[in-house]
Amino acid sequence: FVDEAQGDKSKESIRQKCIQYLDRAEKLKTYVKSKNKKAVASVGGAKESKGKEDSSGEEDDDAQSKKLRGQLNSAIVMEKPNVQWADVAGLDSAKEALKEAVILPIKFPHLFTGRQLRIHNSTLFFFSLINDLFLFVFTCRLVKQLFEMARDNKPAIIFVDEVDSLCGSRSENESESARRIKTEFLVQMQGVGVDNKDVLVLGATNIPWTLDSAIRRRFEKRIYIPLPEASARVKMFELHMGSLKHSIEPGQLRQLAEKTEGYSGADISIVVRDAMMQPVRKVQQATHFKKVRGPSPNDPNIIMDDLLTPCSPGEPGAMELTWMQVPGEKLLEPLVNMTDMLRSLATSKPTVNSDDLKKFEDFTRDFGQEG
């Protein structure tokens, strides 16, 4: 685990490295182009050379465009995700804002025709939780191709995760290549001379205060996704537990929700995943097993009377065995219970502190919209 200060330092180090690599790539590209031009000029007359150079340049541009589009195609999600609105616990205002920006204009375009209504073409979501760094290295041409592909395949959504890595505040130490990428991104988002209708740009960041002010203005809606409230945390526990075999009652779920004040959805998923491992640990550490009646591990429709489950040495029928001596088809794993959840909760702390929340609240007050 890395504390927040170390995480920020590591992220800044990676960003600076990427900027250096981009700058070096631009210099190499300029050098190679100048060499190619000299080689062409030395072969024939000026007119002939110019013709060949123009033709070669067009072919190179086409090849480069195809290559860039191929790279982008691998990152495009074409299939319909199997996620429903009900699968997202809480955040009703944020979901309504997203429906207004994406669903309504596509499903009912006449609502936005002939009225003084404006469809939001860009929305910024910022999350009060700590994600792993998700960094894409862009070039100006890649940014341009990305937007062109979106326009060719409307309606389309361009989603940029960790948008701060691409569009952080400009500074004197910034490389020329990084500055050009931001400028290109701004131009494409603004859509000067092109039709950006039905192209929605979504961005997500955990540090919205680091965004370049011009980028921030391009995101017309800036929505704060707060930590889940108690009712949402109950739903999150239910969703993460899914079809897990457990003995936890609805009242106990509400207790868990009360005990996880200040936890993010990711934090709750960690608690549940750790609790799911508790039965495995019980099996692994058990020194005694007893026979019980229950459904067969291979076929739940078949009830068996000689299954084995971990028990304490003093229980009636306890047999001294290790898990290595238990046949795979005879093991009945213990159910996840409230004690397992509380044990996992004791070792899983929230990743967002009061200082983090204060920054989000200040930014929301100044620039954002409550989610």
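**View 1. Four aromatic pairs are found in this predicted model**. Rings of Phe, Tyr and Trp (its six-membered ring) pair if their centres lie within 6.5 Å; planes under 30 degrees apart are stacked, over 60 edge-to-face, and the rest tilted. Residues are numbered from 1 along each chain as its sequence is written. Local features need pLDDT of at least 70, side-chain atom pairs count only at pLDDT 80 or more, while totals for chains, interfaces and linings use all residues, and side-chain values use heavy atoms, with hydrogens and water left out.

View 2. Phenylalanine 147 belongs to helix H4 (residues 140–152) and phenylalanine 185 to helix H6 (residues 176–190), so the pair ties together parts 38 residues apart in sequence. Helices (H or I, at least four residues) and strands (E, at least two) are DSSP runs, numbered from the N terminus. Phenylalanine 147 is buried at 0% relative accessible area, and phenylalanine 185 is buried at 1%. Buried means under 20% relative accessible area, exposed over 50%, and partly exposed in between (1.4 Å probe, protein chains only).

**View 3. Here tryptophan 209 pairs edge-to-face with phenylalanine 360**. Tryptophan 209 sits in the loop between strand S3 (199–205) and helix H7 (213–218), 151 residues from phenylalanine 360 in helix H13 (residues 354–367). Tryptophan 209 is partly exposed at 33%, whereas phenylalanine 360 is buried at 4%. Ring pairs join Trp209, Tyr224 and Phe360 into a cluster.
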